[in-house]
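Welcome! Please look over the sequence and the 3D structure below, and then we can walk through the main points together.

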Amino acid sequence: MSFIYLDHAATTPVHPNVVKEMLPYFTQSFGNASSRYHLGHQSFSALEIARTQLANVLHCDPCEIVFTSGGTESDNLALFGAAHAYQTLGKHIITTKIEHPAVKLSCAALEAEGFSVTYLPVSKDGSVSPCDVEKAIRPETILISVMFANNELGTIQPISEIGKIARQHDVLFHTDAVQAFCNVPIDVQAMQIDLLSLSGHKIYGPKGVGALYIRSGTSLHPILHGGQQENGQRAGTENVPAIVGLGYAAQYMGENLSTRTASVNDLRNYFEAQLSIMFPELIQNGSLGHRLPGHSNLTFPNVRAKQLMNHLNYHGIFASIGSACSCLTNSHSHVLRAIGKTDSEIESTIRFSLGYENSYADIDKAIQIIASEINNCRR
Ligand code: PLP
């Protein structure tokens with residue numbers, strides 16, 4: 001079946017070169033990275049190469065990278081790990097109203113344990129104000145967690161400003177960079193980030209693998225108990241082929257970041273410009289000036305988005321309503337609510353997210369199908 005994939009924020013295809021790099025680690029160099037013989041050493045070296053590849057993109061030391069099973073685990077390790085390690089200093093955490101459930105629900109679980117959490121509001125375009133962050137800091141604040149870029153809107157947060165405030169107040173700063181990693185330049189030192197979550201499957205790497213950057217000197221309580229892998233910070237035999245894929249994908253996507261993202265950005269702008277000509281009532285959500293290159297979150301007033309999405313699906317155009325996670329719950333997007341959308345606007349909103357392998361022909365075809373189906377989906 002031929003299709004046009006416009007849901008790269010949900011996941012990306014694994015790049016063929018990434019698959020090629022991974023393959024030998026399934027059947028040939030399959031040793032346990034902790035084993036003290038040649039096969040084990042080969043796997044251990046592969047992990048160290050991947051650690052260096054990630055460190056090069058983030059501008060940190062390879063020893064500051066811990067491999068995990070993905071963005072969700074990285075977020076859980078950052079939040080629970082920091083909260084439990086630093087709770088003697090205070091039990092207050094600052095986050096935002098638009099975080100991914102991996103952060104949002106970790107915060108809710110910490111509240112149930114007795115931590116108090118401030119959920120900062122965002123502006124109409126989904127931006128967090130650094131001033132609000134600073135005002136929310138109390139003597140007992142131990143952690144600030146603000147996502148680098150939002151998964152639904154694509155809005156990029158003022159991370160350097162927040163990092164500076166956190167460091168001035170001696171508070172740990174975590175950012176969920178699952179959507180931003182390899183889509184915007186990140187320098188954890190310059191941006192004064194202490195903890196950063198990333199995931200393989202958003203960057204043309206495999207699913208079920210990710211990493212947490214932990215600034216040297218930051219101590220986290222482990223959330224998994226078992227072996228001493230990953231310097232005692234994450235128990236469990238490392239998934240060597242997936243980690244090799246993650247490292248290679250990061251290097252590959254990091255190398256061509258500016259040219260790749262510039263062309264995706266142009267294509268996304270073309271998509272929105274063409275749609276706006278056809279549907280002058282169209283609303284573009286999120287920050288137009290500070291947005292991830294492929295994200296296009298659109299409200300088609302008085303159109304039933306779910307129905308339109310199903311019609312597009314029938315024609316092989318894949319996009320989503322909200323995030324992949326919220327599709328499972330059937331609830332209204334907390335992100336669209338936080339930027340002030342009404343129920344009816346939320347029910348008329350679709351997220352398209354483009355990738356570098358989309359062409360202008362794909363986009364023209366998608367626009368043509370949207371135009372032909374939209375009248376069948378009006379309220
Ligand atoms: N954080 C953000 C912002 C995400 O978009 C996602 C996935 O959609 C996650 C965390 C979870 O990452 P993973 O799917 O690797 O567990």
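Which element gives the largest share of the shell around the ligand? That share, 3 residues, comes from helix α4. The model is predicted, so to speak of local features requires pLDDT of at least 70 and side-chain atom pairs count only at pLDDT 80 or more, while totals for chains, interfaces and linings use all residues. Residues are numbered from 1 along each chain as its sequence is written, and side-chain values use heavy atoms, leaving out hydrogens and water.

**The whole chain**
- The chain has 14 helices and 12 strands (DSSP runs numbered from the N terminus: helices are H or I with at least four residues, strands are E with at least two).
- Of its 379 residues, 55% count as buried (under 20% relative accessible area, with a 1.4 Å probe and protein chains only).
- Along the principal axes, the C-alpha atoms fill a box of roughly 65 × 55 × 35 Å.

**Helix α4**
- Helix α4 covers residues 71–86 and reaches 22 Å from its first C-alpha to its last, close to the expected 22 Å (1.5 Å times one less than its number of residues).
- Because 14 of its 16 residues are buried, α4 is largely enclosed by the rest of the structure.

**Around the ligand**
- The ligand is surrounded by 13 residues (each with a heavy atom within 4 Å), and Thr 72 and Lys 202 are among the closest.
- A ligand nitrogen atom lies 2.6 Å from a side-chain N or O atom of Asp 176.
- A ligand oxygen atom is 2.7 Å from a side-chain N or O atom of Ser 199.

Terms used. Buried < 20%, exposed > 50% of the residue type's maximum accessible area, 1.4 Å probe, protein only. Polar contact = N/O pair within 3.5 Å; in protein donor to acceptor, adjacent residues only side chain to side chain.
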